[in-house]
Amino acid sequence: MITMKIIVCIKQVPDTTEIKINPVTGTLIREGVPSIINPDDKGGLELALQLKESHNAHVTVLTMGPTQADAVLREAFAMGVDRAILLTDKKFAGADTLATSSALAGALRNLEYDLIITGRQAIDGDTAQVGPQVAELLDLPQVSYLENLEIKPNNTFLLKKQTEEGYQLLEAEAPLLVTVLASAFKPRYMNVKGIVEAYNKEVEIWGFDNITVDEENLGLKGSPTKVDKAFAKGIKGAGEVYEMDPEEAVGMIMRKLKEKYII
Amino acid sequence: MELTQYKDIYVFAEQREGIIQGVTLELLGKARSLADTLGEKVVAILAGYQISSKAQELISAGADKVIVADHIELKDYLTEPYAQTLNQVITEFKPSVLLIGATTIGRDLGPRLSARVKTGLTADCTKLEIAEAGHLLMTRPAFGGNLMATIVCKDHRPQMATVRPGVMKKFETDTTRTGEVILLKVNFDRNKFRVRLIETVKEGKGKIDITEARILISGGRGVGMDGMPKLIELATTLGAEVSASRALVDAGVVTHERQVGQTGKTVRPDLYFACGISGAIQHLAGMEESDFIVAINKDKSAPIFQISDLGIVGDVNKIIPLLNERLKK
């Protein structure tokens, strides 16, 4: 690799930890919920920027979304990426994970890369599907749940993948797609100079005409899954609630545990 | 796509080092009830090396048929050999439904496979049912557990879904059940094997699995750093495991593998003690299916009291040591 080219795919998401439920109607209160770079994706940006520093890599950031998603690309500029592309088109609307992956793969076909980085999953969907699906559509090997990446002298990637029991050490050559964990790559802060410059940099806007993909695979039409219905979670009927001193409380708990044959 | 050619409920039988994983048995239990509703069969797909002897275990847990792919290339999980195996099963056998555990393996394999066969995949389902028209209704939490959505995949097959460990109930094991075992010869395309396994390292964190615990003593912000030893003592007395909400995990008091909730694990123990946990939606999403929930919290308006079976408004740091003392007697 002369100059390693990295593309990081990021998503703008509502900060789901800030979403509240209207206790009367049981519906989501979306107003005032801030939009952020999805945390795992931000970890991916950090990994890319570390490789920029250590290996002089060139970093492009790619996002798909409405024009407001420009904000996350500016933030990525402020963190230090070299190029930013916003993928936006009415034809992409209503996409499930596979149709989203088709659009992203369509854009990636028109870009050069040695390494594609995505977050493991997005906090608004938690599906963890887009990374592996993009890898499949581009016929790239994948390593998900990435905790660490090293480049060996012969340009082989040494990859640490998290598992339930510990980790796997894997090896692969470029080009490769990895999905990373936020917990493994603590993102840097934007620097002041970066923030100022971020607003003078050009975000490239790409639509359907800029990418290589069969239109059949995009948007609602290209989505095998459909939402049949969405609903607020039925709240289970509350049991008994008592305000009592510790002595009484312990007595009450003991009685209940006996009734349930737990003790 | 001729949908009527596709039938039966298939389960990817995840194994690690030859041990069938708990989530596989849970999926077989669910597959059994779905298949019975449809009048179809349950088929398990078992991939591994020197694994054939495990087929009966899957039949005992509810499978009518087991397709075994036994090959050295399948000894340890790697994306491509497994994706090729499952892809061949789908092409040759035409499953109507394919269920996969939402583990680090299933969440790596599922999407890769769904993109290969160009079908839909619904992640982390908490409920699976058959619609009157015969298709699968897949319900899952969305927006960080704030909403539920029912997803359908009407025009593509197989209808694929992943389910987290601990969400479905196992079928009662019956070792006298009999079933058919089919050996599959996989036609590997080794040119695509581009990721090599150097080593698998266990860090012992697999020893704690809060999804398997019958009783969980769970701590939240109200317990704080100093209260945790008291919960551990109570857990020891009751033969329980300790778990926590995100607050204590973020504070570094408890490790991530003990976290209950949307970004942690889903649990359904017989008894769940929510100690000083206010009950953010992300937390409730991971524990509300518990059989019996005892909540102790200072704040009587805490949302946890809306789902608890027994709620105590009081000081958890006084009640827990006292309870432990009484139980020891």
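Because the model is predicted, local features are reported at pLDDT of at least 70 and side-chain atom pairs at pLDDT 80 or more, whereas totals for chains, interfaces and linings use all residues. Residues are numbered from 1 along each chain as its sequence is written, with chains lettered from A and ligands numbered from 1 in the order in which they are written.

In the interface between the two chains, 64 residues of chain A are in contact with 66 residues of chain B, contact being defined as C-beta atoms, placed from the backbone, that lie within 7 Å. On the chain A side, the elements that contribute two or more residues include helix 3 (97-108), strand 9 (142-151), strand 11 (166-173) and strand 14 (226-231), where helices (H or I, at least four residues) and strands (E, at least two) are DSSP runs numbered from the N terminus. Strand 11 of chain A supplies the largest share of this side, with 7 residues. By class, the side of chain A that touches chain B comprises 33 nonpolar, 15 polar and 16 charged residues; here Ala, Val, Leu, Ile, Met, Phe, Trp, Tyr, Cys and Pro count as nonpolar, Asp, Glu, Lys and Arg as charged, and the others, Gly among them, as polar.

Strand pairing, which requires that DSSP find at least two bridges between two strands, also links the chains. Strand 14 of chain A pairs with strand 10 (residues 147-152) of chain B in the antiparallel sense over 5 bridges, and A230(A) stands opposite A149(B).

Helix 3 of chain A is mostly covered, with 12 of its 12 residues buried, a residue being buried if 20 or more other C-beta atoms lie within 10 Å of its own, exposed if 12 or fewer, and partly exposed in between, with C-beta atoms placed from the backbone.

In chain B, strand 11 (residues 159-163) is largely enclosed by the rest of the structure, because 5 of its 5 residues are buried. Both of its faces are covered, by the burial of Q159(B), A161(B) and V163(B) on one side and of M160(B) and T162(B) on the other. Strand 11 of chain B pairs in the parallel sense with strand 6 (residues 97-101) of chain B over 5 bridges, and is joined to strand 7 (residues 121-122) of chain B, also parallel, by 2 bridges. M160(B) is the bridge partner of L98(B) and of L121(B).

Chain B is assigned domain 1 (3-192) and domain 2 (205-328), with bounds that come from an automatic or database domain assignment. The C-alpha centres of these domains lie 32 Å apart, and 9 residues of domain 1 are in contact with 10 residues of domain 2.
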